[in-house]
Amino acid sequence: MTDISLSPAHGPSRNWGKIALRWLLFTLLGIFALFYLMPLFVMVTTSLKSLEEIRTGSLVAFPREVTFEAWRTAWSGACTGIQCEGLRPYFWNSVILAIPAVAISTILGAINGYVIAQWKFKGANLIFSLMLFGCFIPFQVVLLPMARMLGMMGIAGTIPGLIFVHVIYGIGFTTLFFRNYYVSIPQELVKAAKVDGAGFFRIFWSIFLPLSLPIIVVTVIWQFTQIWNDFLFGVSFSQAGTQPVTVALNNIVNSTTGVKEYNVDMAAAIIAALPTLLVYVVAGKYFIRGLTAGSVKG
Amino acid sequence: MTEWLERHIPKMVLAPSFIAILVFVYGFIAWTAWVSLTRSRLLPKYEIEGIIQYERLFASPRFDTAMMNLFIFGTLFIIISMVLGLLIAILLDQKIRTEGVLRTIYLYPMALSMIVTGTAWKWIMNPGLGIEKMVRDWGFENFSFDWVIDPDMAIYAVVIAGVWQASGFVMALFLAGLRSVDGEIIKAAQVDGIPSWRIYSAIIIPSMAPIFLSAFIVLAHLAIKSFDLVIALTGGGPGYATDLPATYMYAMAFSRGDIGQAASSAMVMMAVVFAIIVPYLYSELRVKHD
């Protein structure tokens, strides 16, 4: 731990300097906090105002009269192009898309990581490098062939198609997470279990899985955030009716018909952001661990 | 038989994922590379014609704008996020009692979809009703802030939203780095009466070089892949003033029906990513062998 106060205290004049510095420090931190909070504040207050109040009032004012009308419209009445059913159907699309995609990619990552970390065979490291490298490609480079492949498989424009895509391009990261976690478990554990007659799956099931809760949480949160917030795959591989919530949000905001309802836009944006925000508030520690694990590889 | 099975189970378990990666990553890259060398338009053609698509690409003023924008956006986004992230990390490192709460506030944008970020900032920077109106209502009648609809300034509006989203993450990386510096050295320096700013600039920050590199890689990667943010904030406009290679590729692939251009621009994007990632991976691997 670094442990530095801004200046060592020597005598009363130093003390005044120290207090002034402390104030400066808190002021700066407060200004930064305002910078990060302001958009959220503006989104929430705007979503609670009437259009009339938005036109006449100030961007950063609290609503004079709180109305949930915009929220109702955003959830079940706003138009995404020609349909006007609000975000609700698309929100559920995202839910039924994210759950299997997260589950499958996490399970595959766990078993792959287990093999690569503990059952080394010739070429295992090469395979790992190739998988790792797949995490870094810009997905634009696979969009065109994937669109054709989904067509050939008969799942173009469907939710199973999107699940498939998210699983495929999630494996690299989930494998990386589990591999880095399992690599720190001593190999003697597997050797001892083998001597006792336990097989590949039994060792995984009764030794490794019970140790894995933290990394499962990290991986699930990472994958859920990625998949829920995805826009590129969603907009490329869905059609009317199967779009995930991010695509529907963008359609609501950028639809050109009728009066621009900024309060509805903001309510819709908050609805689309709520699940990942909730995860962040509840399990922020694991969220950060996933972020840093994804960027600083071991 | 069971022994053979037992010996080969690990490979068989890994095989499906490996084959999937081979086909859907490497096979698909090869497909895109191949098609980028053909005359494909609405439908892919497979006769190799050379580099005509790349010639078209680099002759296109729109792609030229997109590359320039990537350069401007990438540079500013990376530098500002790093400076801001480091500054906040150092401020937070001064034994602040409310550190946990502040950290949560600084980092939450990273949990949001870029579409949400873009939507929020589009509204905040709305020329008629956003910040511009707010400041005018305060009495500054001539204040103007219409970057999102100004072709010359719109890319800087994207930078603002991007920095807002990613700088907290850089802060978290740097904060972890500051905390991992050897405390003994710092204590020794303090005992010698070396001022704090000197301790930071001469001891702590230089020892965090690998974290700077990681942060740079992550931010560069984010910048090159930025697609959602531009779509939500400006839609690539006004005109194509805020096009990035990613939005150019998407427009060619899905609305202009020009597969050849889509494939070649995707390959250029990959080349840019490689130019940044490969030296990094190479240096990482070399360090481990030493």
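Q: What do the buried residues of α9(A) pack against?
A: In this predicted model, they pack against α4 (88-118), α7 (159-182) and α8 (187-195) of chain A. Chain B joins in with α1 (2-35).

Q: Which residues are the buried ones of α9(A)?
A: They are A:Phe200, A:Ile203, A:Phe204 and A:Phe208.

Q: How close does α9(A) come to the span expected at 1.5 Å a residue?
A: The helix takes in residues 200-211 of chain A, 12 residues in total. Its reach from first C-alpha to last is 16 Å. The expected value is 16 Å, and the helix is close to it.

Q: Which residues of helix α4 of chain B are buried?
A: This helix covers residues 99-107. Its buried residues are B:Leu102, B:Arg103, B:Tyr106 and B:Leu107.

Q: Why are they placed on the same side of α4(B)?
A: Because their arc around the axis is only 120°. B:Gly100 and B:Val101 are on the other side, and both are exposed.

Q: Why is B:Gly74 called buried?
A: Count the neighbours. B:Gly74 has 21 other C-beta atoms within 10 Å. The cut-off for buried is 20 or more. B:Gly74 therefore counts as buried.

Q: Where does B:Gly74 lie, and which residues does it touch?
A: B:Gly74 lies in helix α3 of chain B, residues 61-92. It touches B:Ala220 and B:Ala223, leaving out residues up to four places away in sequence. B:Leu219 is 145 residues from B:Gly74 along the chain. Yet 8.1 Å separates the two C-alpha atoms.

Q: What makes B:Leu76 partly exposed?
A: B:Leu76 is also placed in helix α3 of chain B. It has 18 C-beta neighbours inside 10 Å. Buried needs 20 or more, and exposed needs 12 or fewer. The value 18 falls in between, so B:Leu76 counts as partly exposed.

Q: How far apart are B:Leu76 and B:Ala166 in sequence and in space?
A: They are 90 residues apart in sequence. In space, C-alpha to C-alpha, they are 12 Å apart.

Q: How many helices and strands are there in chain B?
A: Chain B has 13 helices and 0 strands. Read along the sequence, the pattern is α-α-α-α-α-α-α-α-α-α-α-α-α.

Q: How do you know that chain B is more spread out than a compact globule?
A: Set its radius of gyration against the globule rule. For 290 residues the rule gives 19 Å. Chain B has 24 Å, well over that value, so it is more spread out than a compact globule. Its C-alpha trace spans about 75 × 70 × 35 Å along the principal axes.

Q: What share of chain B counts as buried?
A: Of its 290 residues, 44% count as buried. As for contacts between residues at least 6 apart in sequence, 69% join residues at least 24 apart.

Q: What radius of gyration does chain A have, and what would a compact globule have?
A: Chain A has 25 Å. A compact globule of 298 residues would be near 19 Å. Along the principal axes, the C-alpha atoms of chain A fill a box of roughly 75 × 75 × 35 Å.

Q: What secondary structure does chain A have?
A: It comes to 13 helices and 0 strands. Of the 298 residues of chain A, 46% count as buried. Among its contacts with a separation of 6 or more, 73% involve residues 24 or more positions apart.

Q: What confidence does the predictor give?
A: The mean pLDDT of chain B is 87. In that chain, 97% of residues reach 70 or more. For the complex, the ipTM is 0.88 and the pTM is 0.89. Where pLDDT is low, the predicted coordinates should not be read in detail.

Terms used
Residues numbered from 1 in each chain as written. Chains lettered and ligands numbered in written order. Predicted model: local features only at pLDDT ≥ 70, side-chain atom pairs only at ≥ 80, totals over all residues. Helix = DSSP H or I, 4+ residues; strand = E, 2+ residues; numbered from the N terminus. Arc of directions from axis to C-beta. Rg over C-alpha atoms; globule rule 2.2 N^0.38 Å. Contact = placed C-beta atoms within 7 Å. Expected span 1.5 Å × (residues − 1). pLDDT = per-residue confidence, 0-100.
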